[in-house]
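Colleague: Please take a close look at a single part of this model and describe it in one connected account, followed by the chain segments that belong with it.

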Amino acid sequence: MVAPTEKPSDKSTTSEAKPEPTQQKSTAALEEDDEFEDFPVEDWPAEETESAAQAASGDGTTQHLWEESWDDDDTSDDFSAQLREELKKVEASKRR
Amino acid sequence: MDGLIRQFRVAYAATNGEQLAETLSPDVQTHSAKLRAIWGRGDLRSTTADLNFLFHQDQARLSIRLSKEETSGWYAIYTAYWKAIGEILAAEGLRHDAQSSWAKVYDAWKDLTLLTVRGYTNHEFENWTIPCLYVTGRYLRLYAMRADAERALNNDNTAVDELQDDFDPQAEENKCLEDCARHLNRIFQICASDRAPLEESRKWGVYYAVNLLFKTYFKLNSESLSKNVLRVISAGRSDIPPIDKFPKSQQTTFKYYEGVLAFLEENYVEAEKHLEMAWLMCHKNAQRNLELILTYLIPCRLLTTHTLPSAQLLGPFPRLQKLFMPLAHAIKKSDLRAFDIALRDGEDEFIKRRVYLTLERGRDIVLRNLLRKVFIAGGFEPAKDGAAPVRRTRIPITEFTAAVQISSGEAIDSDEVECLMANMIYKNLMKGYIAHERGTVVLSKSGAFPGTKQDRRRYTYVIVISRAINITTSLSGSLAEVLVPNDYKKYDGWCMGGISHG
């Protein structure tokens with residue numbers, strides 16, 4: 001994706017300002033937007049779906065593609081130590 | 001013209017709608033030579049004469065059975081098609097004798113579209129020919145967008161000096177597309193309102209038309225109109241065949257838009273359902289579409305199930321990696337500061353994709369993960385004799401305050417933390433209550449952080465055991481030793497004290 005600040009109209013400005021042959025580019029830029037694209041074919045068998053592709057790469061499900069949002073490996077002694085350290089600071093600031 | 005009409009006859013004889021629609025394709029990239037041949041010398045009179053001959057005199061015309069009505073319908077369509085081709089070739093710079101504009105192309109193609117629609121209302125066209133409606137509708141939208149872009153460009157160049165009073169830039173900007181939406185809606189109506197028995201009904205064109213409408217309305221930023229369409233077809237009063245009877249391209253596109261619409265209404269459970277369906281059904285090679293689906297499915301999942309995309313899922317999509325990986329990382333590490341930075345860095349893109357507000361709510365998940373870390377670091381209560389150890393569930397607010405300070409890198413007031421925690425409890429991201437006078441949070445013993453399987457498993461186990469065995473207190477248990485902080489005794493004292501919870 002191009003820099004988010006660049007609007008589609010800007011793109012067509014630059015490309016359409018040039019002579020004719022570049023005109024195709026400008027229309028391509030227009031369609032390049034975040035629009036759902038037309039599929040090249042109307043229909044396809046189940047084997048060609050993303051679901052089948054993912055199942056083939058995993059253990060027959062799509063479970064492996066999503067993971068839990070927390071990291072239990074990280075809840076180590078490190079954090080407890082860090083927490084105790086910070087806690088001292090909090091308590092200290094309270095006493096003041 | 002000869003070749004074109006011969007192609008028409010072949011498709012018609014085979015009742016092949018796709019093939020028939022192909023005769024109306026204006027695609028210059030793939031059919032440049034063919035379109036030039038159709039345009040010929042660009043002489044209207046000889047073209048009319050040709051068409052007259054082909055539709056009214058040519059013996060070969062009898063190879064297919066066209067009613068008088070149908071004949072006049074198709075005759076008009078191919079005349080309009082020929083005119084449109086002339087404009088298209090000129091606009092693409094492929095004619096030396098003339099120049100044109102996309103505005104003119106749009107008008108010419110609109111005439112063709114109207115005539116095609118009329119074929120169904122006035123000229124007895126059968127339902128298998130509806131791909132002709134698709135092709136006219138699809139290109140009408142394309143030309144409308146090009147015409148609008150072209151006008152915007154010209155306006156820029158001629159720098160508007162006089163400012164009019166009631167000038168609506170938005171409406172002006174999309175003038176052709178707005179007009180196009182009306183014609184597409186007409187196509188939708190003549191498909192949806194067909195009363196013929198299902199096997200010969202134009203209802204089979206409904207989803208194609210709806211998808212075109214969705215694309216158009218999204219571009220015009222009028223999602224509410226999309227909702228109206230959705231209401232018409234979901235009401236069931238139109239007897240539209242179930243969606244799984246339609247080609248996968250139409251199902252996928254429809255489910256994507258239905259999902260995004262629910263997403264924009266913050267109905268994430270519904271959105272997830274539709275988007276996941278779109279994702280699973282999408283063609284595996286349609287990278288761009290898969291990417292678009294995931295752009296919304298990922299924020300959905302974050303809120304509904306608190307799950308994140310794995311590196312494997314994002315592997316093929318560098319753009320999504322750039323968008324979501326820093327956030328996902330921050331969430332996993334329960335790092336508030338990193339989360340805020342990631343959100344700020346991606347802000348422009350997130351806003352453009354309209355996922356910013358949804359992702360912003362992800363901060364709750366970071367916080368929840370952080371609070372859970374405090375809970376886990378809190379270790380275990382002195383275990384009852386022989387019973388499995390129970391996690392410490394009464395935790396001083398100061399511990400949470402300290403954790404938030406570590407994570408956000410900023411000093412924070414403990415009242416503010418209390419407020420954050422109250423929110424967590426309200427949102428059901430954490431179970432328990434705040435004992436304000438004691439400066440303590442009392443967490444639920446059964447799954448203080450809903451959704452974490454590990455806790456759930458451990459707790460069910462603990463509850464069963466502790467109910468079965470009678471209680472005496474002593475300190476033991478190997479599990480406890482792993483996680484209990486050295487100063488647990490400090491809290492132990494009041495844990496024995498009086499707060500009860502049920």
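**A pocket and its surroundings**

Modeller: The second largest pocket has a volume of about 1200 Å³. Of its 39 lining residues, Asp38(A), Phe39(A), Arg138(B), Tyr139(B) and Tyr208(B) are the closest to its centre. Two or more lining residues each come from α2 (23-31) of chain A and from α2, α3, α7 (131-157), α10 (206-219) and α12 (248-264) of chain B. The most is given by α7(B), with 10 residues. By class, the lining comprises 16 nonpolar, 10 polar and 13 charged residues.

Some terms need their limits. A pocket is an open set of points, on a 1 Å grid over the protein atoms alone, where a 1.4 Å probe fits and protein lies on both sides within 12 Å along at least five of seven lines; a cavity is a set from which the probe cannot get out, and lining residues have an atom within 4 Å of a point. Grid points are joined across faces, edges and corners, and the volume is the space filled by probe spheres set on them. Ala, Val, Leu, Ile, Met, Phe, Trp, Tyr, Cys and Pro count as nonpolar, Asp, Glu, Lys and Arg as charged, and the others, Gly among them, as polar. Helices (H or I, at least four residues) and strands (E, at least two) are DSSP runs numbered from the N terminus.

This is a predicted model, in which local features need pLDDT of at least 70 and side-chain atom pairs count only at pLDDT 80 or more, while totals for chains, interfaces and linings use all residues; side-chain values use heavy atoms, without hydrogens and water. Residues are numbered from 1 along each chain as its sequence is written, and chains are lettered from A and ligands numbered from 1 in the order in which they are written.

Chain B has 25 helices and four strands, and 55% of its 502 residues are buried (under 20% relative accessible area; exposed is over 50%, partly exposed in between, with a 1.4 Å probe and protein chains only). Among its contacts (heavy atoms within 4.5 Å) between residues at least 6 apart in sequence, 67% join residues at least 24 apart.

The 12 residues of α1(B) (residues 2-13) should span 16 Å at 1.5 Å a residue, and the end C-alpha atoms are 16 Å apart, which agrees; the expected span is 1.5 Å times one less than the number of residues.

In the loop between α1 and α2 of chain B lies Thr15(B). Although not a glycine, Thr15(B) has a positive phi of about 40°. Thr15(B) is partly exposed, with a relative accessible area of 47%.
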